[in-house]
Amino acid sequence: MSSAFVTYSRDFGKLNMEAGLRYENVDFKYYDDGKYTADQSKNYGNWFPSLSFSMPFGDVQMQLSYAADINRPNYWVLRSGVQYSNHYTYETGNPFLVSEISRNISYDLAYKWLTFNLTYEHVSDPIYQTVEMYKDNTTRSKYKGTGAGESQKNRM
């Protein structure tokens, strides 16, 4: 993985503006017993912009922000095997999950020790955990997602 980031800040009187842009490139090659597996390998690039405006109004500080970010699944969430958890539950990961991309808009107000925050978040390809019936009246906890690669391979 490689990345680069640039940021710019400028004041317009009392108004402060900060802008940033991050680029990330991922080139991950997955091998199973020395054999390249294209379905589980990942090669992609993403741009993550950010923009923030802040300004005081008397004793009140206000800020309006936008930011995009990425949440990659942990390696243990990507595991393909089924793991015994207890007498009633098994757990499994999902090697076909793709990263979540979030886009957030937030509005913040601060007055002395009081703060107010209003946030809207949109997540693309969310990762979630489900519980399903498994064998012998047990359940299986499993990670799923809505990403293009994962939804076609949801066969575990």
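Reader: Which residue in the turn between strand 1 and strand 2 has a positive phi, and what is the angle?
Author: Keep in mind that this is a predicted model. Strand 1 and strand 2 make a hairpin, with two residues between them. In that turn, the residue with a positive phi is Gly13, at about 70 degrees.

Reader: How many bridges join strand 1 to strand 2?
Author: Strand 1 covers residues 2-12 and strand 2 covers residues 15-28. The two run antiparallel, and the number of bridges joining them is 11.

Reader: And which residue is the bridge partner of Val6?
Author: Look across to strand 2, which pairs with strand 1 in antiparallel fashion. There, the partner of Val6 is Leu21.

Reader: Stacked, edge-to-face or tilted: what is the pair of Phe28 and Tyr30?
Author: A search of the whole structure turns up five aromatic pairs. For Phe28 and Tyr30, the ring centres sit 6.5 Å apart and the planes are at 50 degrees. Stacked needs under 30 degrees and edge-to-face needs over 60, so this pair is tilted.

Reader: What about Tyr31 and Tyr36, stacked or edge-to-face?
Author: Their centres are 5.6 Å apart, with 65 degrees between the planes. The cut-off for this class is over 60 degrees, so the Tyr31 and Tyr36 pair counts as edge-to-face.

Reader: Is Tyr31 buried, exposed or partly exposed?
Author: Buried would take under 20% relative accessible area and exposed over 50%. Tyr31 has 48%, and its ring partner Tyr36 has 42%. Tyr36 therefore counts as partly exposed, and Tyr31 is likewise partly exposed.

Note on methods: Residues numbered from 1 in each chain as written. Predicted model: local features only at pLDDT ≥ 70, side-chain atom pairs only at ≥ 80, totals over all residues. Heavy atoms only, no water. Phe/Tyr/Trp six-rings, centres within 6.5 Å; stacked < 30°, edge-to-face > 60°. Buried < 20%, exposed > 50% of the residue type's maximum accessible area, 1.4 Å probe, protein only. Pairing = 2+ DSSP bridges. Helix = DSSP H or I, 4+ residues; strand = E, 2+ residues; numbered from the N terminus.
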